[in-house]
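Have the structure open as you read.

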Amino acid sequence: RNPSSDGWCGLGGLKGLFPHCISKLKNDTEILSLEVMFLLFAPLVAQVQSEDSVLLFVAAWTLTEIVRYSFYTFSLLNHLPYPIKWARYSLFIGLYPMGVTGELLTIYAALPHVRRTGLYSVTLPNKYNVSFDYYTVLIMVMISYIPLFPQLYFHMLRQRRKVLGTAEQSKKIE
């Protein structure tokens, strides 16, 4: 988590209303994505556990977390080597699309099984008079990547530019 984010950012649905909270939203979205895929989706839908797409997102997120926590550790020690800083703000360029692709392919691979078996779905009539269609939820999750991925990816590119600078800025320093 980003230790510098607090205050209004913690108000759930209000996150999108405050531009200064985008970093926390990005971290919360990444963490939610990891939790959903690792804890709630892949282990429970056995039919997708052998898909290559699982390896794709697990490898991407594992490398991302190694870099992220190395960055945090060295930052806390006030000794941040440039290669760690560079990796934190550069490797996402390939790893983030790789992870998202793995997640989407994994969910897509599960759709036929979820639809066929009615996995985690609740149909009417029942004593609570409530229905839930897990298949539809998975489709909605996949669609949510359309607005979220570009927003978060471009935010990360802006952060990279802010922290590492541009090639022109580097030439001026030399």
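Helices here are DSSP runs of H or I with at least four residues, numbered from the N terminus. Arg116 has its place in one of them, helix α4. Keep in mind that this is a predicted model.

**Helix α2 and its partners**

Let's start with α2, which has 25 residues. From its first C-alpha to its last it reaches 36 Å, close to the 36 Å expected at 1.5 Å a residue. Quite a few of its residues are buried, including Phe57, Trp61, Arg68 and Tyr72.

Two packed helices are described by the angle between their axes and the distance between the axes. Here is how that works out for α2:

| Pair | Angle | Axis distance |
|---|---|---|
| α2 (residues 52-76) and α3 (residues 82-90) | about 135° | 9 Å |
| α2 and α4 (residues 92-117) | roughly 145° | within 7 Å |

With the angle of about 135°, α2 counts as oblique to α3. The crossing of α2 past α3 is left-handed. On the α2 side, the contact is made by Val67, Arg68, Ser70, Phe71, Tyr72 and Phe74, and α3 brings in Ile84, Lys85, Ala87, Arg88 and Tyr89. Sorted by class, that contact of α2 with α3 has seven nonpolar, one polar and three charged residues.

α2 also passes α4 in a left-handed crossing. By class, the contact of α2 with α4 has 12 nonpolar, six polar and one charged residues.

Most residues other than glycine have a negative phi, and most peptide bonds are trans. The loop between α4 and α5 (134-164) is where to find Pro125, and a cis peptide bond joins Leu124 to Pro125, with omega at about 0°. Tyr120 lies in the loop between α4 and α5 as well. Tyr120 isn't a glycine, yet its phi is positive, about 60°, and at 35% relative accessibility it counts as partly exposed. Asn129, also found in that loop, has a positive phi of about 55° without being a glycine. Asn129 is exposed, with a relative accessible area of 61%.

Notes
Residues numbered from 1 in each chain as written. Predicted model: local features only at pLDDT ≥ 70, side-chain atom pairs only at ≥ 80, totals over all residues. Heavy atoms only, no water. Axes fitted to C-alpha atoms, helices over the stretch in contact; angles between N-to-C directions. Helix = DSSP H or I, 4+ residues; strand = E, 2+ residues; numbered from the N terminus. Parallel < 35°, antiparallel > 145°, perpendicular 65-115°, else oblique. Left-handed = near helix turned anticlockwise from the far one by under 90°. Contact = heavy atoms within 4.5 Å. Nonpolar A, V, L, I, M, F, W, Y, C, P; charged D, E, K, R; others polar. Expected span 1.5 Å × (residues − 1). Buried < 20%, exposed > 50% of the residue type's maximum accessible area, 1.4 Å probe, protein only.
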